[in-house]
Amino acid sequence: MQNEDFILGPPSYDMSPMYVPENYVFVMGDNRNKSYDSHIWGPLPARNILGRSVLRYWPLTRRKYSS
């Protein structure tokens, strides 16, 4: 388990390591214990991602705003 001082509480679930195939992504919501995300339904096909990034703020060395 990683030391994650920034989260409100530890995950309320156990999760085994998961293989993420090429052209898939593992997505997690910002509320781990209540998010319906890859820890429940598995890897997401990259082709299903419809949006695009407007602002990237991390890592700081790669900050970018897209219009």
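Analyst: Leucine 8 is exposed, at 95% relative accessibility (buried is under 20% relative accessible area, exposed over 50%, partly exposed in between, with a 1.4 Å probe and protein chains only). This is a predicted model, where local features need pLDDT of at least 70, side-chain atom pairs count only at pLDDT 80 or more, and totals for chains, interfaces and linings use all residues. Residues are numbered from 1 along each chain as its sequence is written, and side-chain values use heavy atoms, with hydrogens and water left out.

User: Where does leucine 8 lie?

Analyst: Leucine 8 lies in the segment before β1 (strands are DSSP runs of E, at least two residues, and helices are runs of H or I, at least four, numbered from the N terminus).

User: Which residues line the second largest pocket?

Analyst: Phe6, Ile7, Leu8, Gly9, Pro10, Pro11, Gly29, Asp30, Asn31, Arg32 and Asn33. A pocket here is an open set of points on a 1 Å grid over the protein atoms alone, where a 1.4 Å probe fits, with protein on both sides within 12 Å along at least five of seven lines; lining residues have an atom within 4 Å of a point.

User: How much space lies in that second largest pocket?

Analyst: About 230 Å³. By class, its lining has 5 nonpolar, 4 polar and 2 charged residues.

User: New topic: which residues form the nonpolar surface patch?

Analyst: Met15, Met18, Val20, Tyr24, Phe26 and Met28, with about 460 Å² of accessible area together. Patch members have over 30% relative accessible area and no salt bridge, and nonpolar side chains are joined within 5 Å. Methionine 18 is in the segment before β1, which is at 24-25, and counts as partly exposed because its relative accessibility is 35%.

User: And what about the phi of asparagine 23?

Analyst: It's near 70°, a positive value in a residue other than glycine. Most residues other than glycine have a negative phi. Asparagine 23 is also in the segment before β1, and at 57% relative accessibility it counts as exposed.

User: Tyrosine 13 and tyrosine 65: exposed or partly exposed?

Analyst: Tyrosine 65 is exposed, at 59% relative accessible area, while tyrosine 13 is partly exposed at 22%.

User: Where is tyrosine 65 found?

Analyst: In strand β4, residues 64-65. Its C-alpha is 4.7 Å from that of leucine 55, 10 residues apart along the chain. Tyrosine 13 lies in the segment before β1, and its C-alpha is 9.2 Å from that of histidine 39, 26 residues apart in sequence.

Note on methods. Patches are made of residues with over 30% relative accessible area and no salt bridge: like charges are joined within 9 Å, nonpolar side chains (Val, Leu, Ile, Met, Phe, Trp, Tyr) within 5 Å. Accessible areas come from the Shrake-Rupley method with a 1.4 Å probe; for residues, only the protein chains shown count as cover. A salt bridge is a side-chain nitrogen of Lys or Arg within 4 Å of a carboxyl oxygen of Asp or Glu. Grid points are joined across faces, edges and corners, and a volume is the space filled by probe spheres set on the points. Ala, Val, Leu, Ile, Met, Phe, Trp, Tyr, Cys and Pro count as nonpolar, Asp, Glu, Lys and Arg as charged, and the others, Gly among them, as polar.
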